Amino acid sequence: TPDRVLQAAFAIVDADGGDALTMRRLAKDLDVAAMAIYNHFVDRAAVLDALAGYVFATSAARSEQHDRTRRSSKAPAWRENIRRMVMDVHTLALQH
């Protein structure tokens, strides 16, 4: 499944860096034929795009959750929102 491929891709990037991520390496780590990955992703760039999308979506979700908890108080200034979003993306990027 695409989720399984992305989990394996994150594991590779986390362990060995982005340059280590190849379709062959993904296939080997998933114990599937390399062509099986192409059923879910067109190429390596598509896998990297999906990883980036996950990081940004997770950051946005965290931001929304933070906003919901603060709605009862004064809304933060737009600069604070941007700073928080950048810090969330930075933290997620360091994790992966």
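Trainee: Where do Arg-25 and Asp-29 lie, and how many residues apart are they?

Mentor: Both sit in helix α2, residues 23-30. They are four residues apart, about one turn of the helix. Keep in mind that this model is predicted.

Trainee: Why does that spacing matter for direction?

Mentor: An α-helix has 3.6 residues a turn, so residues three or four places apart point the same way.

Trainee: What makes the contact of Arg-25 and Asp-29 a salt bridge?

Mentor: The N to O distance between their side chains is 3.3 Å. The cut-off is within 4 Å, so the pair qualifies.

Trainee: What makes Asp-16 and Arg-25 a salt bridge?

Mentor: Their side chains meet at 2.8 Å, N to O. That value is also within 4 Å, so the name applies.

Trainee: How many salt bridges does the structure hold, and which residues are linked in a network?

Mentor: The structure holds two. Asp-16, Arg-25 and Asp-29 are linked in a network.

Trainee: Why is Arg-25 called partly exposed?

Mentor: Its relative accessible area is 25%. Buried means under 20% and exposed means over 50%, so Arg-25 falls in between.

Trainee: Why is Val-47 called buried?

Mentor: Val-47 has 1% relative accessibility. The limit is under 20%, so Val-47 counts as buried. This residue lies in helix α4, residues 44-70.

Trainee: Which residues does Val-47 touch, beyond those up to four places away in sequence?

Mentor: The partners are Leu-6, Ala-9, Leu-21, Met-23, Leu-26 and Phe-41. Take Leu-6: it is 41 residues from Val-47 in sequence, yet 7.2 Å away in space, C-alpha to C-alpha.

Trainee: Which residues of α1 are buried?

Mentor: Val-5, Leu-6, Ala-8, Ala-9, Phe-10, Ile-12 and Val-13.

Trainee: How do you know that the span of α1 is close to the expected one?

Mentor: Helix α1, residues 2-16, has 15 residues. The helix reaches 21 Å from its first C-alpha to its last.

Key
Residues are numbered from 1 along each chain as its sequence is written. This is a predicted model: local features need pLDDT of at least 70, side-chain atom pairs count only at pLDDT 80 or more; totals for chains, interfaces and linings use all residues. Side-chain values use heavy atoms; hydrogens and water are left out. Buried means under 20% relative accessible area, exposed over 50%, partly exposed in between (1.4 Å probe, protein chains only). Helices (H or I, at least four residues) and strands (E, at least two) are DSSP runs, numbered from the N terminus. The expected span of a helix is 1.5 Å times one less than its number of residues. Contact means heavy atoms within 4.5 Å.
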